[in-house]
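Hi,

Here is the structure I promised to pass on.

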There are 2 protein chains.
Amino acid sequence: MVKDMDIPDIVIRRLPIYARSLSYLASEGVTTVSSSELGSRIGVTAAQIRRDLSYFGEFGKQGKGYNVQFLLNQIRDILHLEQQWGVALVGIGHLGKAIVHYGGFKDKGFEIVALFDSDPSKIGSELDGHKVYHYSEIPQVVKEMGLEVAIVAVPARSAQEVVDLLVEADIKAILNYAPITVQVPPDVRTRNIDPVGALQSMTYYLDPEKNMTYRINNGRAF
Amino acid sequence: MVKDMDIPDIVIRRLPIYARSLSYLASEGVTTVSSSELGSRIGVTAAQIRRDLSYFGEFGKQGKGYNVQFLLNQIRDILHLEQQWGVALVGIGHLGKAIVHYGGFKDKGFEIVALFDSDPSKIGSELDGHKVYHYSEIPQVVKEMGLEVAIVAVPARSAQEVVDLLVEADIKAILNYAPITVQVPPDVRTRNIDPVGALQSMTYYLDPEKNMTYRINNGRAF
């Protein structure tokens, strides 16, 4: 095993995908999986999986495949997923509310426990049992609670200001839904969720003529 | 300019990020931007931007920077964003409903115009003015409408079945929210939206001790 700093971030980013696939296999009653089977499920090569896992030790015997539950437990341990993480959510607009009510985060170990907004009409109200604080209270409230993870669901124009406050509050991991690339110090991680950008990177490959036919046929052109 | 097939997908994936940043600059009244200024805003090098854009032609004069609005228009044209795209949405659970009500897709050129679910109690009902059809009607309805883009918001266990139906319906671009890697033919593009995976790839870098202190202090540890 190498030191943490030597493991490329791209490898760390693949581990949740491995965990997700292993979890699915476990739920289907599968007990053993080869690196090529696992690879074909998630669109990477067997060699890639073996190389990624080799950063963390030996997880399978040559020719025997991996024990699904054992490998899953190991990856969950590496990623610190054996505990529930408290999360601060900034931005309680349509998107923020959808995130609070979604439920899929808590199931997977991320519990939203602190809410922030800048709209005076929302400050002091409660959502899902949690009081909504003003942005300006981020450093104090987040530090007091000892949180390390935040989700940003504010408009682009407010995102950097909010991120600066989260950094001041010692947040080290930020999931950013705002359509802007935010600046953070080297010890803070960010990941962007950008479904519109994902769609826009696919329309490049599509046929605009066919779409125009659709639009005319459905009264949506012009 | 090179042929479409020669442009790496990773370049295409960066174009929406460039467009987003240029759009922001335009809204701020900025008329000219250098590749290094644009790069520092989105966390890539100036050389990377120049190399990416060189696939599509010449967009700036040496030492003069880019005209923000011209470059934005060019990228939007390359990505086929000058028209509204019709989108099929499969899965009208919590997540699907949040996507329908979100509004951020339509603003950016993606209009959800066909809805599908497998829950008998939802079939035939209306959401946002659109009738909900059963999965089994995907090939017929989607083909009739001439759609090329779909969003999948179903549970992992149904995702591959739904994707197979979308492929049968000639859908060529799939935004997948299901926590599973789906299999598609080479002429179909997929992008995954996986906020839980994104969070899980950051907790690796966090301090579990600090989180445990948070949990004990806040009555969440057992």
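**What I found**

For the cut-offs, a residue is buried if 20 or more other C-beta atoms lie within 10 Å of its own, exposed if 12 or fewer, and partly exposed in between, with C-beta atoms placed from the backbone. A:Asp128 sits in the loop between strand S6 (126-127) and strand S7 (130-134) of chain A. Its phi is near 55°, a positive value in a residue other than glycine. Helices (H or I, at least four residues) and strands (E, at least two) are DSSP runs, numbered from the N terminus.

Before you go further: this is a predicted model, where local features need pLDDT of at least 70, side-chain atom pairs count only at pLDDT 80 or more, and totals for chains, interfaces and linings use all residues. Residues are numbered from 1 along each chain as its sequence is written, while chains are lettered from A and ligands numbered from 1 in the order in which they are written.

**Chain A overall**

Chain A has 10 helices and 10 strands. Its C-alpha atoms fill a box of roughly 60 × 60 × 35 Å along the principal axes. Of its 222 residues, 38% count as buried. Take the contacts in chain A between residues at least 6 apart in sequence: 54% of them join residues at least 24 apart. A contact here means that the C-beta atoms of two residues, placed from the backbone, lie within 7 Å.

A:Asn67 gives an example of a link across the sequence. This residue is found in strand S3 (residues 65-67) of chain A, and its C-alpha atom is separated by 4.7 Å from that of A:Thr32, 35 residues apart along the chain. Leaving aside neighbours within four places in sequence, A:Asn67 is in contact with A:Thr31 and A:Thr32. With 17 C-beta neighbours inside 10 Å, A:Asn67 counts as partly exposed.

**How the two chains go together**

A rotation of 180° with 0.0 Å of shift along its axis puts chain B on chain A, at an RMSD of 0.0 Å (a least-squares superposition on the C-alpha atoms of residues with pLDDT of at least 70 in both). The two copies are therefore related as by a two-fold rotation axis. The same surface serves both copies, since 100% of the contact residues of chain B recur in chain A. B:Ala98 is the residue of chain B that comes closest to the rotation axis, its C-alpha lying at 3.0 Å.

**Helices in chain B**

Helix H1 (residues 9-27) of chain B has 19 residues, which at 1.5 Å a residue should span 27 Å; its end C-alpha atoms are 28 Å apart, so the two agree. (The expected span is 1.5 Å times one less than the number of residues.) The buried residues of H1(B) include B:Arg14, B:Tyr18 and B:Arg20. What covers the buried residues of H1(B) includes helix H9 (195-203) of chain A, along with strand S1 (32-33), H2, H3 and helix H4 (68-78) of chain B. Just after H1(B), B:Gly29 takes a positive phi of about 85°.

B:Leu165 is found in helix H8 (residues 156-168) of chain B. Not counting residues up to four places away in sequence, B:Leu165 touches B:Tyr135, B:Ile138 and B:Pro139. B:Leu165 is partly exposed, with 19 other C-beta atoms within 10 Å.

One more loop residue to look at is B:His80, between H4 and strand S4 (85-90) of chain B. Phi of B:His80 is near 60°, again a positive value in a residue other than glycine.

Cheers
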